[in-house]
Structure formats: structure tokens, C-alpha cells
Amino acid sequence: MRTKIAVLSGSGLSAESGLPTFRDAAGLWRQHSWVELASPEGWARNPALVLEFYNERRAKAWAAQPNAAHRAIAALESKYEVVVVTQNVDALHERAGSTRVLHVHGELAYARGTGPSRLRFRIDGAPIELGQRCEEGTQLRPDIVWFGEETQHMEESREYVAAADKVLVVGTSLTVYPAAGLVDAVRRDAECVLNTLDIDEIPAGFRYQHGRATEVLPLIASAWLKD
Ligand code: APR
């Protein structure tokens, strides 16, 4: 049986691929209101504004390339059973070669209907326009989990983290729940590593590795691949 690794990633992982984080100095929620752009209330008030915001983010994410940190995570699959639980809505993990990725906050590359069936389909980097409808005739929206909406794949993610022999947390401020709470599910005997550029509180049982993900993760991966 292969040793299990669970990776929990956030926007800091994709920062060096040119995609903004949320709460850093140039973060999205420093420049924009998440109430207006990432909540059911904001969508109800001004769907055109929300679509424009995500169309721009989708085009940028689609044009972005995975970096050395994404590739280091994918390389671990050569020796370990790896599951990536990501808060990121870009497809850079998959593009780097990771084969088991759970997007708990949705994916920019998908649109979905706003009707009961929430029909979901792939749009890659394409924009969603006001008036564009799903087969049920409802307005399409980005397949993103907004504040106040239910996070996806949480039970499955918690099981993977709780079963993991090694846990790697990268590029997240661990401030948004329930995703941030996954660090509490780690096994006592698991090897746990956290990499960010800053953190308020290091979760119990974690070794903190400060630095850029593209510098720190290749070192961690090569050490684990030598183990
Ligand atoms: N390398 C490593 N870590 C980095 C880098 C880098 N190059 N650049 C930034 N970071 C770290 C910062 O130090 C910070 O801890 O990434 C983290 C980014 O934190 P946030 O901006 O809060 O982003 P994130 O944790 O992904 O946000 C969680 O909040 O807005 C919602 O749904 C959105 O998924 C998102 C969730």
C-alpha cells in the first residue's frame, strides 16, 4: 500500500503563475467587495457586474501556466497516493499533472444553471453572458462557491486528510471555513508541513516553512521522493 499524502492548497500557490490572492496587499478582496461580487445577494442585485468579474478572472486563469510548486505536487504521484484538496478555482493542478483534485470552492472552467438541477457544463476560458441559459432555461452563473453557499466535497476531503500519512498545506491564510478546519482532521502521527509567506497562527502539529511556494515545494517534494 502506497503512503498517502493530502495537499490543501490556496491562492498563494497560484500567485507565482500571475493569479491574485484574496487578502494579501494586492489581493482581490482588498480591491473589490466580496459582498458585491461573491455572494448570492450581490448576484441578485447586479448579475452583469458579477459575470464581468468572473469572465475576467476566467480568461486570466485559462491563460496562466502551472508553476514549479504545482509541478512538485504532481511529481509526488510517482511514489505516493496523493489527493489535492484545493480552494483554488483555476485548473493549474490538473494542468501540472495532478490526477486527483477536489475543488471545494468550485471551478472557473465550469458554468452552471441557477435552477434546481444546477446543470453544470465545461466552458474552459469562455465568458458567460447575461441572457445565456441552461437547458432548463435558467440564467447561467459561474460554478463557484460564493460566501454563504455550501462548500463542495467536504466529507470526502476530511476523510482523505484524516487518512493521510503526510499533509502539505500551501498558499492559504487558513481564514475561510470550513476548508480551513481541515487542518484539525490530521492524524496525530502524520508529518504535517505548512508553507505560506505569512500566517497568523501555525496549526497544531504543523512544521512551518516560510517562503515562496516555487522555492519551498520542490525542496519538500524532492526530500519526500528520496524518503
Ligand atoms: N508562496 C507561498 N504562499 C504565498 C505566496 C507564495 N508565492 N503568495 C502568497 N502566499 C500566501 C500568503 O502568505 C497567504 O497566507 O497565500 C495566502 C493567501 O491567503 P488568502 O489571500 O486569504 O487566500 P486563500 O487562503 O486561498 O483564501 C481562501 O477565501 O476568498 C475566499 O474562496 C476564496 O478560496 C478562497 C478562500
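This is a predicted model: local features need pLDDT of at least 70, side-chain atom pairs count only at pLDDT 80 or more; totals for chains, interfaces and linings use all residues.
1. The largest pocket of this structure is the space that the ligand takes up.

2. The surroundings of the ligand deserve attention next. It is surrounded by 24 residues, and the closest are Arg23, Trp29, Thr172, Ser173 and Asp198. Sorted by class, this shell contains 12 polar residues, seven nonpolar residues and five charged residues.

3. The side chain of aspartate 198 has an N or O atom 2.6 Å from an oxygen atom of the ligand. For tryptophan 29, an N or O atom of the side chain is 2.7 Å from a ligand oxygen atom. Leucine 197 takes part through its backbone instead: one of its backbone N or O atoms lies 3.1 Å from an oxygen atom of the ligand. As to exposure, the ligand taken alone exposes 740 Å², and the protein buries 95% of that area.

4. The aromatic side chains form a separate topic. Seven aromatic pairs are found when the whole structure is searched. One of them joins tyrosine 54 and tryptophan 146; the pair is tilted, with 6.2 Å from centre to centre and 45° between the planes. This pair links distant parts of the chain, since its two members are 92 residues apart. Tyrosine 54 belongs to helix H4 (residues 47–63), whereas tryptophan 146 is in the loop between strand E6 (141–144) and helix H7 (154–163).

5. Most peptide bonds are trans, and most residues other than glycine have a negative phi. Tyrosine 177 and proline 178, however, are joined by a cis peptide bond, with omega at about 10°. Proline 178 is placed in the loop between strand E7 (166–170) and strand E8 (191–196).

6. Aspartate 124 is found in the loop between strand E5 (120–122) and strand E6.

How values were computed:
Residues are numbered from 1 along each chain as its sequence is written. Side-chain values use heavy atoms; hydrogens and water are left out. A residue is near a molecule or strand if one of its heavy atoms lies within 4 Å of it. A polar contact is a pair of N or O atoms within 3.5 Å; within protein, one must be able to donate a hydrogen and the other to accept it, and residues adjacent in sequence count only if both atoms are side-chain atoms. Accessible areas come from the Shrake-Rupley method with a 1.4 Å probe; for residues, only the protein chains shown count as cover. On a 1 Å grid over the protein atoms alone, a cavity is a set of points where a 1.4 Å probe fits but cannot get out, and a pocket is an open set with protein on both sides within 12 Å along at least five of seven lines; lining residues have an atom within 4 Å of a point. A molecule sits in a cavity or pocket if more than half of its atoms lie within 2 Å of its grid points. Ala, Val, Leu, Ile, Met, Phe, Trp, Tyr, Cys and Pro count as nonpolar, Asp, Glu, Lys and Arg as charged, and the others, Gly among them, as polar. Rings of Phe, Tyr and Trp (its six-membered ring) pair if their centres lie within 6.5 Å; planes under 30 degrees apart count as stacked, over 60 as edge-to-face and the rest as tilted. Helices (H or I, at least four residues) and strands (E, at least two) are DSSP runs, numbered from the N terminus.
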